[in-house]
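Me: I have a few questions about this one. Can you take them one at a time?
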Amino acid sequence: MCAGALAECKRPAAGLELRLAPVPPAAAEAREFVRDRLPVLGLFHLAENATLVAAELVTNSLKYAPEGPIWLSLHLAGVGLLMEVQDCSARLPVFREPDYVAESGRGLHLVAALCESLGWIALDGGKVIWALLEKE
């Protein structure tokens with residue numbers, strides 16, 4: 001059901017969106033996609049932060065939405081880059097108290113620190129997590 005619902009959503013321009021299978025190499029594919037597209041958008045200087053944000057958000061989708069596709073979209077925003085990651089999990093992100101000895105649990109804090117703003121929207125059958133990275 002979720003894959004069909006995602007397919008019907010309004011999608012960004014060709015070349016600015018990547019459909020990822022929910023498999024471990026997806027985070028690396030997301031990093032490569034962002035790194036390759038940012039120069040075309042004139043936002044090469046955001047590559048380091050944007051690739052990290054993409055990898056963190058896609059990794060969260062892999063963990064919480066293993067049953068459906070993941071969509072990574074890039075949009076030019078007046079102040080920089082708007083990145084969206086859409087998946088089939090209705091489970092919304094939660095900022096947890098960071099445990100500095102744990103191997104996970106700090107990703108959203110890292111993303112929030114690298115972005116001007118971060119948020120999410122619940123959808124019928126999934127969610128979109130968005131991050132705004134400003135031009136420096």
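Me: What does the side chain of K127 make a polar contact with?
Reply: The side chain of D87, at 2.9 Å. Bear in mind that this is a predicted model. The K127 side chain also reaches the backbone oxygen of R91, at 3.0 Å.

Me: Is K127 buried or exposed?
Reply: Buried, with a relative accessible area of 3%. K127 lies in strand 5.

Me: What else does K127 touch, not counting residues up to four places away in sequence?
Reply: Besides D87 and R91, the list has V85, Q86, S89, L92, P93, I121 and A122.

Me: Switching to the largest nonpolar core. Which residues touch the most other members?
Reply: V34, L38, L72, L81 and M83, out of 31 residues in that core. The largest share comes from helix 3, with seven residues.

Me: And L72, what is that in contact with, leaving aside neighbours within four places in sequence?
Reply: L16, E17, L18, L20, A30, F33, V34, A54, M83, E84 and V85.

Me: Back to helix 3. At what angle do helix 3 and helix 4 pack?
Reply: About 150 degrees, and their axes are 10 Å apart. The crossing is left-handed.

Me: Why call helix 3 and helix 4 roughly antiparallel?
Reply: Because angles over 145 degrees count as roughly antiparallel, and the angle between helix 3 and helix 4 is about 150 degrees, they are roughly antiparallel to each other.

Me: Which residues make that contact?
Reply: Helix 3 supplies N49, L52, V53, E56, L57 and N60. From helix 4 come G107, L108, L110, V111 and L114.

Definitions and conventions:
Residues numbered from 1 in each chain as written. Predicted model: local features only at pLDDT ≥ 70, side-chain atom pairs only at ≥ 80, totals over all residues. Heavy atoms only, no water. Core = buried A, V, L, I, M, F, W, Y, C linked by side-chain atoms within 4.5 Å. Buried < 20%, exposed > 50% of the residue type's maximum accessible area, 1.4 Å probe, protein only. Helix = DSSP H or I, 4+ residues; strand = E, 2+ residues; numbered from the N terminus. Contact = heavy atoms within 4.5 Å. Polar contact = N/O pair within 3.5 Å; in protein donor to acceptor, adjacent residues only side chain to side chain. Axes fitted to C-alpha atoms, helices over the stretch in contact; angles between N-to-C directions. Parallel < 35°, antiparallel > 145°, perpendicular 65-115°, else oblique. Left-handed = near helix turned anticlockwise from the far one by under 90°.
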